[in-house]
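Here is a short briefing on one protein chain. Keep the sequence and the 3D view open while you read.

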Amino acid sequence: MSVAANEPGYGELLLEDLELDEVEELWTEDDDADHTGWYCVSTDPFPCPASGCTFVAEFMTAAHLILVWQVRDDPNLLRHAGRAKQVGRNPRVVSYERSFGPSASYYAWEAAGRPVHGVRGK
């Protein structure tokens, strides 16, 4: 079976030139909850892994929002802090303050499908 040069072969996919119809938006929680006093994981600064993104995080984040937990010994908080330790980010569990930046509940983030990157418009 012969395949033309411009057609996909077995196990390949031909994509036409695509343009983005919408700009990626930063995910936020539906409510404007104040997470002051909840707990987050402070780390050594690390860059957003998304290509071309200049965001540098100093806390465990998702979609550029600081992830927060209601209790200091939440198993998911401890698991994420443990992973940060494994990759050398020097994690410390601290009480969240609004001055750290925008936050999101870890469980709301999970319920939203775990978005991991967003672009904040100015």
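Which residue takes a positive phi in the hairpin of β3 and β4? A63 does, with a phi near 50 degrees. The hairpin has two residues between its strands. Note that this is a predicted model.

**Overall layout**
- The chain holds two helices and six strands.
- Read from the N terminus, its elements run β-β-β-β-α-β-β-α.
- The chain has 122 residues, and 30% of them are buried.
- Take the contacts in the chain with a separation of 6 or more: 71% of them join residues 24 or more positions apart.

**The three-stranded sheet**
- An open sheet is built from three strands, in the order β3-β4-β6.
- The pairing in this sheet is mixed.
- β3 and β6 (103-105) are the edge strands, and each pairs on one side only.
- Strand β4 covers residues 65-68 and pairs with β3 in the antiparallel sense, over two bridges.
- Across that pair, A62 stands opposite L65 of β4.
- The pairing of β4 with β6 is parallel and runs over three bridges.
- There, L67 has A104 in β6 as its bridge partner.

**Nonpolar cores**
- The largest nonpolar core has 10 residues.
- Its members are V41, M60, A62, L67, W69, L77, A81, A84, Y106 and W109.
- Two helices, α1 (75-86) and α2 (106-111), each supply at least two residues of this core.
- α1 gives the largest share, with three residues.
- Another core, of five residues, lies apart from the largest one.
- C40, I66, V68 and Y96 are among the residues of that other core.

**The largest pocket**
- How much space lies in the largest pocket? The figure is about 340 Å³.
- Its lining consists of 17 residues.
- Nearest the pocket centre lie F46, P49, T61, A62 and V116.
- β1 (39-47) and β3 (61-62) each supply at least two residues of the lining.
- By type, the lining divides into 13 nonpolar residues, three polar and one charged.

**L65 in β4**
- L65 sits in strand β4.
- L65 and W109 are 44 residues apart in sequence. In space, their C-alpha atoms are 9.5 Å apart.

**S42 in β1**
- S42 is part of strand β1.
- Why does S42 count as buried? Its relative accessibility is 11%, which is under the 20% cut-off.
- Leaving out residues up to four places away in sequence, S42 touches E58, F59, N90, P91, R92 and V94.

Technical notes. Residues numbered from 1 in each chain as written. Predicted model: local features only at pLDDT ≥ 70, side-chain atom pairs only at ≥ 80, totals over all residues. Heavy atoms only, no water. Core = buried A, V, L, I, M, F, W, Y, C linked by side-chain atoms within 4.5 Å. Buried < 20%, exposed > 50% of the residue type's maximum accessible area, 1.4 Å probe, protein only. Helix = DSSP H or I, 4+ residues; strand = E, 2+ residues; numbered from the N terminus. 1 Å grid on protein atoms, 1.4 Å probe; cavity = no way out; pocket = protein on both sides within 12 Å on 5 of 7 lines; lining within 4 Å. Points joined across faces, edges and corners; volume = space filled by probe spheres on them. Nonpolar A, V, L, I, M, F, W, Y, C, P; charged D, E, K, R; others polar. Pairing = 2+ DSSP bridges. Contact = heavy atoms within 4.5 Å.
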